[in-house]
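Hello,

Here is the structure for your files. My notes on its charged pairs follow below.

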Amino acid sequence: MAMASIARRKVTSVFSSSSKYSWIVSSRGFASGSDENDVVVIGGGPGGYVAAIKAAQLGLKTTCIEKRGALGGTCLNVGCIPSKALLHSSHMYHEAKHSFASHGVKVASVEIDVPGMMAQKDKAVGNLTKGIEGLFKKNKVTYVKGYGKFLSPSEVSVDTIDGGNTVVKGKNIIIATGSDVKSLPGITIDEERIVSSTGALALKEVPKKLIVIGAGYIGLEMGSVWGRLGSEVTVVEFAPDIVPTMDAEIRKQFQRSLEKQKMKFMLKTKVVSVDTTGNGVKLTLEPAAGGDQTTLEADVVLVSAGRVPFTSGLQLEKIGVETDKAGRILVNERFSTNVQGVYAIGDVIPGPMLAHKAEEDGVACVEYISGKEGHVDYNLVPGVVYTHPEVASVGRTEEQVKTLGVEYRVGKFPLLANSRAKAIDDAEGLVKILAEKETDKILGVHIMAPNAGELIHEAVLALHYGASSEDIARTCHAHPTMSEALKEAAMATYDKAIHI
């Protein structure tokens with residue numbers, strides 16, 4: 001079957017649109033001066049800083065250029081890390097307010113300290129940023145703070161954050177500039193009343209009413225943060241479903257869970273205009289298919305309609321780097337652009353816009369540059385929504401399996417039947433496994449559970465090595481753990497579960 005080749009592929013089909021760039025790229029043949037690097041990385045996010053460290057570990061003279069002046073990119077500074085800090089803090093508050101009593105823990109009063117939450121978040125970000133700088137020093141990576149732009153395929157001009165300018169030379173240059181918030185026509189983000197995820201991570205007080213435009217990962221996570229803290233949250237989505245890439249059955253249960261948490265959804269709805277002339281924000285809406293208009297008011301509006309590759313100011317056109325209609329840089333299976341010696345990784349190329357995917361790109365890219373073999377399989381990049389419960393998945397959804405025309409089995413196990421989940425009174429969710437009927441080879445795993453983001457990695461490893469559902473089912477899992485739900489779902493896939 002087509003899935004049989006997934007586990008050990010070195011490249012995914014995402015590069016097929018640019019397969020015309022099929023040469024094998026090695027170091028360029030420029031005369032090397034004392035100031036010339038083997039590798040120059042533009043961008044210090046998860047893809048860029050990991051690529052720089054890996055290149056240095058492979059013995060390559062390496063420089064990393066980062067415009068923010070703080071390493072870690074969007075993920076660490078205004079994305080993954082601060083959002084998870086606030087998700088955890090808001091969950092602690094919600095638990096103290098609503099769940100402690102049922103566990104025999106009585107608290108006289110619970111109050112929100114938004115500045116305190118923000119301080120904890122900022123401390124975590126600061127410590128991690130300094131940690132990356134320490135790793136650069138340890139691995140002898142040169143760190144240049146400034147905005148880089150191409151002068152030639154081997155030279156990058158950097159306007160440094162202290163007001164100066166320097167030129168960094170490199171035999172191989174990796175573009176790792178990440179992505180930016182996708183804007184919507186007629187909506188101006190001021191990061192006060194109309195905010196991106198950046199502004200939503202820095203609100204000074206809990207808005208009474210919050211409207212989230214976009215029902216993807218980021219919008220639902222940030223909606224969860226402020227909803228737990230007391231905001232009345234309404235999610236407006238143009239599409240008919242939340243998180244459209246999610247398995248439909250899991251998605252429906254997930255939406256019901258969020259609705260139980262008082263999150264409201266307006267699906268198949270288009271934002272026509274935004275009015276900020278009053279004290280709050282007034283949105284004019286209409287059905288996506290057309291129809292009567294309605295208005296919706298809020299204190300804060302979060303624009304979370306996706307992200308776009310960030311290549312502004314790089315002067316790609318000056319050196320002739322090709323991009324597609326979405327602005328993504330086209331690369332071959334070795335991450336090389338059409339310009340020899342220039343590479344691209346992470347959010348600026350096709351594939352999932354995820355920090356861990358960018359890290360894998362970075363490692364593989366420098367392995368190719370150093371003459372080794374790299375490995376990334378975009379079909380097996382796990383995705384996680386860090387709400388409560390979390391939702392995590394890897395591999396194919398049931399809808400995708402049906403489209404492939406593969407005969408398959410489905411095994412499911414509810415957390416309500418898991419002893420650990422019941423013991424801690426946190427048993428909302430399920431595990432769902434899809435496996436090929438003839439061979440029992442696992443095609444996809446989908447988990448909705450309090451710690452789904454941790455549970456999913458057993459499934460990721462199983463898919464990488466072409467495991468069957470019986471392989472997981474016959475592997476001893478510690479008791480009592482939530483991971484037993486994955487084992488039981490595997491048992492249900494090839495035979496029958498025990499505890500349901």
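Glu249 and Lys412 meet side chain to side chain in a salt bridge, at 2.8 Å from N to O. By salt bridge I mean a side-chain nitrogen of Lys or Arg within 4 Å of a carboxyl oxygen of Asp or Glu. Glu249 lies in helix H7 (residues 248-260) and Lys412 in strand S19 (residues 408-414), so the pair ties together parts 163 residues apart in sequence. Helices (H or I, at least four residues) and strands (E, at least two) are DSSP runs, numbered from the N terminus. Glu249 is partly exposed at 25% relative accessibility. Lys412 is partly exposed too, at 37%. Buried means under 20% relative accessible area, exposed over 50%, and partly exposed in between (1.4 Å probe, protein chains only).

Both residues also belong to a salt-bridge network with Asp247, Glu398 and Lys432.

This is a predicted model: local features need pLDDT of at least 70, side-chain atom pairs count only at pLDDT 80 or more, and totals for chains, interfaces and linings use all residues. Residues are numbered from 1 along each chain as its sequence is written, and side-chain values use heavy atoms, without hydrogens and water.

The whole structure holds 17 salt bridges. Another one joins Lys84 and Glu221, at 3.1 Å from N to O. Lys84 sits in helix H3 (residues 80-98) and Glu221 in helix H6 (residues 217-228), so this pair ties together parts 137 residues apart in sequence. Glu221 is buried, with a relative accessible area of 6%. Lys84 is partly exposed, at 23%.

Best wishes
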